[in-house]
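Biologist: I'd like to learn how to read the features of a protein model. Could you walk me through them?

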Amino acid sequence: MENFDWTSFTKKIAIKAQLSDIYNAWTIADELEKWFLEKVSFFDTNQEPISKGKNAVEGTTYDWLWYLYKDSMKGKITAANGKDYLQFTFEGACLVDIKLTEIDSYTIVELRQHNIAADDYSKQYIRLGCSNGWGFYLVNLKSVYEGGLDLRNKDENLNPMINN
C-alpha cells in the first residue's frame, strides 16, 4: 500500500450508445435520474432552477439526492464543453472529470475523481467508498442506456446493498 494513490482514481466503461446521449446522461436532470440519482436540481448562476430537460453548463450548481439517503450533495459544474467533457465538484473539494470518446459503435466513459484529501476519513469514505460507488453507477449507466434496466436498489427495507 506504500505506493497506492489515495488522492485519485480512474474508472472506464464502454457503452453501446451515442456519445451525445451519454453526455446528456451526465448533464440533464431527467437523464441523471434514470441511472444515478433520485432527485436532481440544477441552478443557473443567479440560483434560478434550470429546466429538468435542459443541459447543465459551466457555472451551474447542483443539489443531488440519492435513493435511500436523506442528505443531499451540493456542488458545481466547473467545466462543460457541450460535447464530450464535463467536470464537477464532488464530496467537497474533490473534482470529477468525465471524458467521453467514440470507438466504433461505443462511447467510452472515463471518470477520474481527484483532489482527494489524504486523511484517514477521506481514504476510507471518499477514495475507497467513491471508487466502489462509481463502479456500480457506471455499470448502471451502461445497463440503462443499452437495455433500459435500472439496477439500483430503491427499497428502504433492503439497505445497505452494493446497488445503492
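Modeller: Gladly; we will go through salt bridges, the surface, the inner spaces and the backbone in turn. This is a predicted model, so to speak, with rules attached: local features need pLDDT of at least 70, side-chain atom pairs count only at pLDDT 80 or more, and totals for chains, interfaces and linings use all residues. Residues are numbered from 1 along each chain as its sequence is written, and side-chain values use heavy atoms, with hydrogens and water left out.

Biologist: Let's begin with salt bridges. How many salt bridges does the structure hold?

Modeller: A salt bridge is a side-chain nitrogen of Lys or Arg within 4 Å of a carboxyl oxygen of Asp or Glu. The structure holds 6 of them. One of these pairs E33 with K52, with the closest N and O atoms 2.6 Å apart. E33 lies in helix α2 and K52 in the loop between β2 (39-43) and β3 (61-65), so this pair ties together parts that are 19 residues apart in sequence. The helix and strand names come from DSSP runs, numbered from the N terminus: helices are H or I with at least four residues, strands are E with at least two.

Biologist: Which residue forms a salt bridge with K142?

Modeller: That partner is E146, and the closest N and O atoms are 2.8 Å apart. Both residues lie in helix α3, 4 residues apart, which is about one turn of the helix. K142 is partly exposed at 24% relative accessibility, and E146 is also partly exposed, at 39%.

Biologist: What about R152, which residue does it bridge to?

Modeller: R152 forms a salt bridge with D150, the closest N and O atoms being 2.6 Å apart. Salt bridges that share partners join D150, R152 and K154 into one network. R152 is buried at 9% relative accessible area, whereas D150 is partly exposed at 23%.

Biologist: Now the surface. Which residues make a nonpolar surface patch?

Modeller: Patches are made of residues with over 30% relative accessible area and no salt bridge; like charges are joined within 9 Å, and nonpolar side chains (Val, Leu, Ile, Met, Phe, Trp, Tyr) within 5 Å. Accessible areas come from the Shrake-Rupley method with a 1.4 Å probe, and for residues only the protein chains shown count as cover. Here V139, L149 and L151 make a nonpolar patch of about 240 Å². L149 sits in the segment after α3 (120-147) and counts as exposed because its relative accessibility is 53%.

Biologist: How do I tell a cavity from a pocket?

Modeller: Both are found on a 1 Å grid over the protein atoms alone: a cavity is a set of points where a 1.4 Å probe fits but cannot get out, and a pocket is an open set with protein on both sides within 12 Å along at least five of seven lines; lining residues have an atom within 4 Å of a point. Grid points are joined across faces, edges and corners, and a volume is the space filled by probe spheres set on the points. The structure holds 1 cavity of 30 Å³ or more. The largest cavity has a volume of about 30 Å³, and its lining includes R152, F36 and W66.

Biologist: And which residues are the closest to the centre of the largest pocket?

Modeller: The largest pocket has a volume of about 690 Å³. Of the 22 residues that line it, W66, Y69, E91, G129 and C130 are the closest to its centre. Helix α3 gives the most to this lining, with 11 residues.

Biologist: Last, the backbone. What should I look for?

Modeller: Most residues other than glycine have a negative phi, and most peptide bonds are trans. E91 has a positive phi of about 50 degrees although it is not a glycine, and it lies in the loop between β5 (85-90) and β6 (94-103). N115 also has a positive phi, of about 65 degrees, in the loop between β7 (106-114) and α3. The peptide bond from N159 to P160 is cis, with omega near 0 degrees.

Methods: Buried < 20%, exposed > 50% of the residue type's maximum accessible area, 1.4 Å probe, protein only.
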